[in-house]
Amino acid sequence: MQNQPYSLIVTPEEAAKLKATVTDLPSADLNKRQLCNLELLLSGAFAPLKGFLSSTDYQSVLESMRLASGILWPMPVCLDISEKLAGTLSSGGTLVLNDREGFLLALLEVEEVWQPDLAREAEAIFGTADPEAHSGVRQFLAETQPFYVGGRLRGLASPRHYDALDIRLAPQETLTRFTQLGWNKVIGVHAETPFHRAHLETFVAAARETDGALFLQPAVNQPALVDDDHFVRVRCYRAFMRHVPQDLGLLGLIPLASRSAGPREALLQAMVRKNYGCTHFLVASDQADPASRNGGNLFYPRGSALTLLRQYAEETGITPLELRPMVYHSGSEGFVPEDQAMGEAEELPERELLRRLEMELPVPSWFTFPEVLDVLRQAHPPRNKQGFTV
């Protein structure tokens, strides 16, 4: 599968004409999750989609991971709206889409409005409709409004950002960058947490194995990570990149809202990276699992995401690579593959890292880079330096 890069943003001249027609049209101010989806639709990162799914495509995706046309697509991309707004819309009409400040972003040519069975959608996408069993289901059922509206999009402007503009790269930009750098093999890397020393060793090993380069593309501005400081993570990524060989890696940010939907979501992550120009995608054994960040029991069988991506590799055109974690080996005082550590691997769980920062305790030098640690110390000062005096 090779989607050609495109943008759904109209020309400035057409945008000016369209703005003059929207005064009396129904409108919706989008939340963070919806803005993430809209941005990826407008940029072509969600190619071949040209808008939010119709009910026919939606049902087909739930049942077979394919659009009604037969094209592979693993996750529904729908626009949820309130019952009140749904009552004002009809097929053939137009819905104005704004950001949270009311800035006009796009027009949705309404194809249809319907009320989905959210429990059925959860069962199909997550493998369960039980909110107690899966944090992604809990968030999905709590936050999704009762009606969906589908139709094609005409973009007037991409959602606005005020930070890290140099690394918020659209698919057309990354494809150009890869060509300029002479990269024929590019490994896409998805991330939702900061990178440390073991990550660099892991990524470089994968690059050497494939004779490829690395496109490190963390997901940002996503509502699933409500406890994460967006700006802290971005500063950590920039600090980390100082240690990546210049000809080996490129950093980008992607507004991909996480659902923790396991194999289906991992397949979507890979297909989106294909649209950015990647030829390979690094897949962890717990990719997109709701428990992957907190060390709990995994919801999906370990390795199931890699199995699914391999099944569809020829169709998607992107080769999945098994992420083989490198760990610090206390015996040799260096990094080795996890399966070769022979019980001598040093670990520093996220909770322990935060405890050490809070208590102003030392963090072992093997764990992370000084520049990354400086960012984390500023973001998580010790207790005696927290708060303020009135």
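The model is predicted. Its aromatic pairs number 16, and one of the residues treated below, Arg-259, lies in a loop between a strand and a helix.

- Arg-259 is placed in the loop that runs between strand 9 (249-251) and helix 10 (263-275).
- The relative accessibility of Arg-259 is 19%, and because buried means under 20%, this residue counts as buried.
- Leaving aside residues up to four places away in sequence, Arg-259 is in contact with Met-75, Pro-76, Glu-121, Ile-125, Phe-126, His-134, Gly-136, Phe-140 and Glu-265.

**Aromatic pairs**

- The structure contains 16 aromatic pairs.
- In the pair formed by Trp-366 and Phe-367, the ring centres are 6.0 Å apart and the planes stand at 85°; as planes over 60 degrees apart count as edge-to-face, the pair is therefore edge-to-face.
- Both partners are buried: Trp-366 has a relative accessibility of 16%, and Phe-367 has one of 11%.
- A cluster joined by ring pairs consists of Phe-195, Phe-203, Tyr-237, Phe-240 and Phe-369.

**Charged ends over rings**

- Lys-50 has its charged end over the ring of Tyr-6, at 5.1 Å from the ring centre.
- Arg-160 has its charged end over the ring of Phe-103, at 4.0 Å from the ring centre.

Notes
Residues numbered from 1 in each chain as written. Predicted model: local features only at pLDDT ≥ 70, side-chain atom pairs only at ≥ 80, totals over all residues. Heavy atoms only, no water. Helix = DSSP H or I, 4+ residues; strand = E, 2+ residues; numbered from the N terminus. Buried < 20%, exposed > 50% of the residue type's maximum accessible area, 1.4 Å probe, protein only. Contact = heavy atoms within 4.5 Å. Phe/Tyr/Trp six-rings, centres within 6.5 Å; stacked < 30°, edge-to-face > 60°. Lys NZ or Arg CZ within 6 Å of the ring centre and 35° of its normal.
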